[in-house]
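The sequence and structure come first.

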Amino acid sequence: MKILVAVKRVVDYNVKVRVKADGTGVDIANVKMSMNPFDEIAVEEAVRLKEKGVASEIVAVSCGVAQCQETLRTAMAIGADRGILVETGEELQPLAVAKLLKALVEQEKPALVILGKQAIDDDCNQTGQMLAALLGRPQGTFASKVEVEDGRVRVTREVDGGLETVSLATPAVVTTDLRLNEPRYVTLPNIMKAKKKPLAVLKPADLGVDVAPRLETLSVREPSGRKAGVKVADVAALVDKLKNEAKVV
Amino acid sequence: MMNTQELIATHGPREAMDYDVVVVGAGPAGLATAIRLKQLAPDASVVVLEKGSEPGAHILSGAVMDPRAMDELFPDWKNRGAPLDQAVTGDDVLFLSETGSTRTPDWLVPRNLHNDGCYVVSLSNVVKWMAQQAEALGVEIFPGFAAAEVLFDVQGCVAGVATGNMGITKEGEPGENFQLGMELRGKYTVFAEGARGHLGKQLLARYKLTEGRDTQTFAIGIKELWEVPAEKAQPGRVVHTAGWPMAGDTFGGGFLYHLADNQVTLGFVIGLDYANPYLSPFEEMQRWKTHPAIRAHIEGGKRIGYGARAINNGTPQALPKTVFPGGALIGCDAGYLNAARIKGSHAAIKSGMLCAEAMAPALAAGRAQDELTAYPEAFEKSWLNAELQQTRNFKLWFKKGKTVGQVMTGVEQWLLPKLGVTSPPWTLHNHKADHEALQPASGFQPIAYPKPDGRLSFDRLASVFVSNTNHEENQPAHLTLNDATVPVRINLAQFGGPESRYCPAGVYEFVQNADGGDRLQINAQNCVHCKTCDIKDPTQNIVWVTPEGGGGPNYAGM
């Protein structure tokens, strides 16, 4: 079976992001970017399926600026066979990405699409679900285990109360949770091999998708800092503060 | 704990790749050597290893850059979009007292402190740009891979390096995702790790490269990046300070540069030859910022970056022999920084170019694994050597006391040039290493540093937070001890535990055991790779080795 994996280029998880002075967004100038960690898990899972002989080909897809090619090269160094970049400098919201992926799924006809459950930059947790809906295909989100048997995909999901197992008919959409696997280290020989793997670059218009944002960001603010605590002299003073300042009793 | 030989025996052999030239470190020196070589020998295969997660991630510098070397490397650097876009617009040299400051009139400022024609830059950004230029020329750059081991051939010549093993657990055993390191073999291997490179240090010892030379000494530079209110921005303004808070004969000074986009970069540099074990470079830097002459520039602003790095004190007398069979040391790994000008990036680039200019004809002649003697010979004749010779006594005069330092710097950098003498007719020497300068705590009083206010001054952990530092948690500590009993038995007992003060990242902490005994806790995850501990530890018991590639700070715009 063919697997399509979606990977997003995001601010590296080690970077402490900073809101721009004008409040229009997060400053990403000169900041280290890397693959969304949940997407790395998605690539790793696809590669493991290929190593088990279940998957035959892994196509990594990214949507965004030209530098997303680096993200795709990383995916190919982990083990994806080829890459497709849908290149645009426009802001891409989850719905636009889901539409782009839908168009690619129709072209590539994978039996399985694996995505990270959310991206660590906007934390939307929408693209996988939107893609399944647009395709009219089953979804298994927050996967902590993925097994393929008899043309169906068994997905163990991390839900609030514990684990839920669903069995999906293919083609299906799966989104990965943190405990699904621990991605491997990319090795130098694999990085070099990845440089020679095919990488196609498309524009949204080639797929007939209008990516114009549907949501408008009004402002971005940092959380207010934690206020310093105070020491109170006695219980009476504490009760007084709880009553009159904090108004909780 | 399994060593690399055992790991190779059980998981090996290591994969290997052959190159013409292997460069260790994607800083200004390493990238300049790779770029220059590809300019001269487009067919040469060049690989650059970088322990940081990307080029520039571990680069920290003031920085005011003299474009002289960049002009030679890329005469069209402006058209290529090099991020040297803020020219210096004015120099202030201030002498600080505790509350006041005196500006030195321009005519009295020694010429080494004049910065006209230079640029205020983020060296980290310059390096990112250089890496793009190098890749466009066909250089292979591998960030996230640390060179952990020098490879030698049977003749004892350097034959390349091996990258570190990945996925070793805290206990020193191969974990689930274990990957053995890889060998990168080169006809020549160039070491550009920066000051106190951990492989460079081994090479200095193995090939006795420092024999007959002065002892190299270092300083620690601690730096912050601020975003300031627009009305405070003075793009291109360059300020250097001497005096407070440095007391007595401790060598140190501050710098504050206005970049474009309402950014101010500022920091403090302290010579690591200080004697008082209670001195805390980090806290000196924090209180320096509260001086009226400094706070005026940043008050109301926001700190957005922090980092620290040990730097060479840059006397050409202490330059080691820079070549050995199969390789060379360049940049700060050799020690070309010009301390008197407070600049090293131009020297790093120039030394890298000189090395490449020696390698290109050697490769063309089919040579390999021999000594690139043409490199040090070219350095002798270079403008860089002439520049370093002019200021060769600068740091050493200050070792004789502040007054002597100021007077003699004036004589050498101000008076003699006016008389037409560019290189002083005398040479001072130093044979004392920084760690030998530390004196027992019994002779000193602890220093009471002010508490951080959270607006202008901060504590160590809040600072490390904005350096974006991280290391994979499940790996052996990369700050190694030759003898685990020394920290408590000697460092704490005799020197009051100086590592808890000189470390700018809170790596070293003396804590009490349940039984009341003392113990050194090493928070290796905090390490910003400055190398100060490796230099200043009084018995040289701490040995800094590379952690897993990709770990360490992620400096942005530093």
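## Interface and helix packing

Across the interface of chain A and chain B of this predicted model, the rule finds three salt bridges. One of them joins the side chains of K195(A) and E140(B), with an N to O distance of 4.0 Å. Polar contacts across the interface of chain A and chain B amount to eight residue pairs, with both residues at pLDDT 80 or more. On the side of chain A that touches chain B, helix α5 (residues 188-195) gives the most, with five residues. By class, that side of chain A has eleven nonpolar, three polar and eight charged residues.

The contact draws 22 residues from chain A and 30 residues from chain B. About 2300 Å² is buried between the two chains, and carbon and sulfur atoms give 55% of this area. K16(A), Y185(A) and L188(A) together supply 31% of the area that chain A buries against chain B, more than any other three residues.

| Item | Value |
|---|---|
| Angle between α2(B) (residues 28-40) and α9(B) (residues 345-364) | about 35° |
| Distance between the axes of α2(B) and α9(B) | 7 Å |

The two helices, α2(B) and α9(B), cross in a right-handed sense. Residues making the contact include A29(B), A32(B), R36(B) and L40(B) of α2(B), and A348(B), G352(B), E357(B) and L363(B) of α9(B). The residues of the contact of α2(B) with α9(B) comprise 13 nonpolar, three polar and two charged.

Notes:
Residues numbered from 1 in each chain as written. Chains lettered and ligands numbered in written order. Predicted model: local features only at pLDDT ≥ 70, side-chain atom pairs only at ≥ 80, totals over all residues. Heavy atoms only, no water. Contact = heavy atoms within 4.5 Å. Buried area = accessible area lost by both parts, 1.4 Å probe. Polar contact = N/O pair within 3.5 Å; in protein donor to acceptor, adjacent residues only side chain to side chain. Helix = DSSP H or I, 4+ residues; strand = E, 2+ residues; numbered from the N terminus. Nonpolar A, V, L, I, M, F, W, Y, C, P; charged D, E, K, R; others polar. Axes fitted to C-alpha atoms, helices over the stretch in contact; angles between N-to-C directions. Left-handed = near helix turned anticlockwise from the far one by under 90°.
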